[in-house]
Amino acid sequence: YGEDASRLVDVCRQTVVFATVRELADCLEHMVEDQGVELVRVKNRMRLHDHAAASAGFRNVSINLRITAPDARRCGVDTHVCEVQLLLLRFAKLQKSEGHKRYVQFRNIRGE
């Protein structure tokens, strides 16, 4: 990041877990429509045509966003980028086991 803190996008990260794809999609739709949220980047690892090897089989929707609502501007945090991961319950259960550890190792090998 070249010591440029403005390029950090996951210092603040939260995961939201859903029982169904429909619930996950509804949440994403609400985020898109929210006037107080600026979506910076969306990584959709849930697409059927994506090869599972590209993410070591891990599936989620990872969103980098800024909260731009008036309260956020008043507090001076409207430029901060945070990450919200939308995850299905079945993958969350795997993540708690060895699955996420293997994903991190895979990602590090790829240099991401």
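The model is predicted, and its secondary structure comes to three helices and four strands, which follow one another from the N terminus in the order β-α-β-β-α-β-α. Of the 112 residues in the chain, 25% are buried.

**Overall chain**
- The accessible surface of the protein chain amounts to about 7800 Å², and carbon and sulfur atoms account for 54% of that area.
- When contacts between residues at least 6 apart in sequence are considered, 60% of them join residues that lie at least 24 apart.

**The sheet and the helix packed on it**
- The four strands make an open sheet with mixed pairing, and their order across the sheet is S1-S4-S3-S2.
- Strand S1 (13–18) and strand S2 (37–44) are the edge strands, each of them pairing on one side only, while the twist from one strand to the next averages 25°.
- S3 and S4 run antiparallel and are joined by five bridges.
- Helix H1 packs on this sheet, where it touches S1, S2, S3 and S4, and the direction of H1 makes about 155° with that of S4.

**The nonpolar core**
- The largest nonpolar core consists of eleven residues, among them Phe18, Leu24, Met31, Val37, Ile63, Cys82 and Leu88.
- Helix H1 (21–33), S3 and strand S4 (82–88) are the elements that each give two or more residues to this core, and the largest share, four residues, comes from S4.
- Leu88, one of the core residues, is in contact with Val17, Phe18, Thr20, Val21, Leu24 and Met46, once its neighbours within four places in sequence are left aside.

**Ser62 and its surroundings**
- Ser62 lies in strand S3 (residues 61–67), and the bridge partner of Ser62 in S4 is Gln85.
- Because its relative accessible area is 5%, which is under the 20% cut-off, Ser62 counts as buried.
- The side chain of Ser62 is joined to that of Glu83 by a polar contact of 3.4 Å.
- Apart from neighbours within four places in sequence, Ser62 is in contact with Arg41, Val42, Lys43 and Arg45, and also with Glu83, Val84 and Gln85.

Definitions and conventions. Residues numbered from 1 in each chain as written. Predicted model: local features only at pLDDT ≥ 70, side-chain atom pairs only at ≥ 80, totals over all residues. Heavy atoms only, no water. Buried < 20%, exposed > 50% of the residue type's maximum accessible area, 1.4 Å probe, protein only. Polar contact = N/O pair within 3.5 Å; in protein donor to acceptor, adjacent residues only side chain to side chain. Contact = heavy atoms within 4.5 Å. Areas by Shrake-Rupley, 256 points an atom, 1.4 Å probe, with all protein chains shown as cover. Core = buried A, V, L, I, M, F, W, Y, C linked by side-chain atoms within 4.5 Å. Pairing = 2+ DSSP bridges. Axes fitted to C-alpha atoms, helices over the stretch in contact; angles between N-to-C directions.
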